[in-house]
Amino acid sequence: MFDAHVHIIDPRFPLVENHGYLPEPFTVADYRARVASTAGLRIDGGAVVTASYQGNDQEYLKAALAELGPGWVGITALPLDTTDADIVALDSIGVRGVRFNLRRGATDLRLLSDLANRAFDLVGWHAEFYVDATLLLSLEPVFAKLPAVSIDHLGMSTRGLPYLLNLVDRGVRVKATGFGRTTISDVGTVLRQIHAVNPEALMFGTDLPGSRARRAFETHDLDVIADAVGDDLPAVLGGNARSWYRCMRASEAGLDGAAQTSTTAPSHSPAAISAPNSSTSIDSPTAFTA
């Protein structure tokens, strides 16, 4: 399995209080122990995702990827003034995308689009959004100009599901994660609808440790996914995400331990969203607060 959504909370590195919240530590050792004690989990790679309470800190992510080793990649948050050299350096250690947390902050959408397109043009990173699906229609001007996009946690609710399915039809990927975080009452139905539109869209993840969620990952979540996607379960549990993140299995990494593929940006996005020009900025930026 490829765990496409993990948060590592290492007390050696600073945290930023967010909406009055600071999480408990959840180190690489804690994650490995949790996986080892959970029936049905056979994880040999994944993606460490920067959370809101980690700000733009890259040191924790560097340390986590170094400790986790081959087969693991990172998704980070970046300040808008990040240099091209900084992005290339992060890509060289296995970072594969930039995350925009629209549920817990304010963002200038024009600057967001410019940063995401710059990262894609430089090293092929996708843009990852933590956002409620009810806001997807209002974000259409942004998504239309981004060449590669994924959405966290099934879009969090069913109220914007038609907009999410439209994006999936245009190549956007969706993380089958955080079931205990969403307000979705029937996760299986949402999984089936996404899978029916694009079998390559869904990517499994545990969302461990499940900070601020009503409940953390449970083994039963795997049963829900299996029932929804049928014979495509191996792809949803690993293949789809490995392709999206350009990351091979640890066992395939070779003697030098280099699990990641070339840092050369692809000539086209796996998402392949129809857009006139991925580097065009938004004409009328708006301020967004969630």
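Begin by selecting arginine 159, which is exposed at 62% relative accessibility (exposed is over 50% relative accessible area, buried under 20% and partly exposed in between, with a 1.4 Å probe and protein chains only). The model is a predicted one, in which local features need pLDDT of at least 70 and side-chain atom pairs pLDDT 80 or more, while totals for chains, interfaces and linings use all residues. Residues are numbered from 1 along each chain as its sequence is written, and side-chain values use heavy atoms, leaving out hydrogens and water.

**Salt bridges**

Aspartate 132 lies in the loop between strand E6 (126–130) and helix H5 (140–143), and arginine 159, 27 residues apart from it, in the loop between strand E7 (149–151) and helix H6 (161–169); helices (H or I, at least four residues) and strands (E, at least two) are DSSP runs, numbered from the N terminus. Aspartate 132 is buried at 11% relative accessibility.

Next, select arginine 192 and aspartate 227, a salt bridge of 3.2 Å, N to O. Arginine 192 belongs to helix H7 (residues 187–197) and aspartate 227 to helix H8 (residues 220–229), so the pair ties together parts 35 residues apart in sequence. Arginine 192 is partly exposed at 34%, whereas aspartate 227 is exposed at 59%.

Then display Arg99, Glu128, Asp152 and Lys175, which salt bridges with shared partners join into one network.

Move on to aspartate 44 and arginine 242, where the closest N and O atoms of the salt bridge are 2.3 Å apart. This pair links distant parts of the chain, 198 residues apart: the loop between helix H1 (28–36) and strand E2 (45–49) holds aspartate 44, and helix H9 (residues 233–245) holds arginine 242. Aspartate 44 is partly exposed at 26%; arginine 242 is buried at 10%. The count of salt bridges comes to 15.

**Cavities**

A search of the whole structure finds three cavities of 30 Å³ or more (a cavity is a set of points on a 1 Å grid over the protein atoms alone where a 1.4 Å probe fits but cannot get out, and lining residues have an atom within 4 Å of a point). For the largest, select His7, Ala51, Tyr53, Tyr130 and Arg181, which lie nearest its centre among twelve lining residues. Its volume is about 110 Å³.

Finish at the second largest cavity, of about 80 Å³. Among its 15 lining residues, select Gly178, Phe179, Thr206, Phe217 and Asp221, the closest to its centre.

Technical notes. 1 Å grid on protein atoms, 1.4 Å probe; cavity = no way out; pocket = protein on both sides within 12 Å on 5 of 7 lines; lining within 4 Å. Points joined across faces, edges and corners; volume = space filled by probe spheres on them. Salt bridge = Lys/Arg side-chain N within 4 Å of Asp/Glu carboxyl O.
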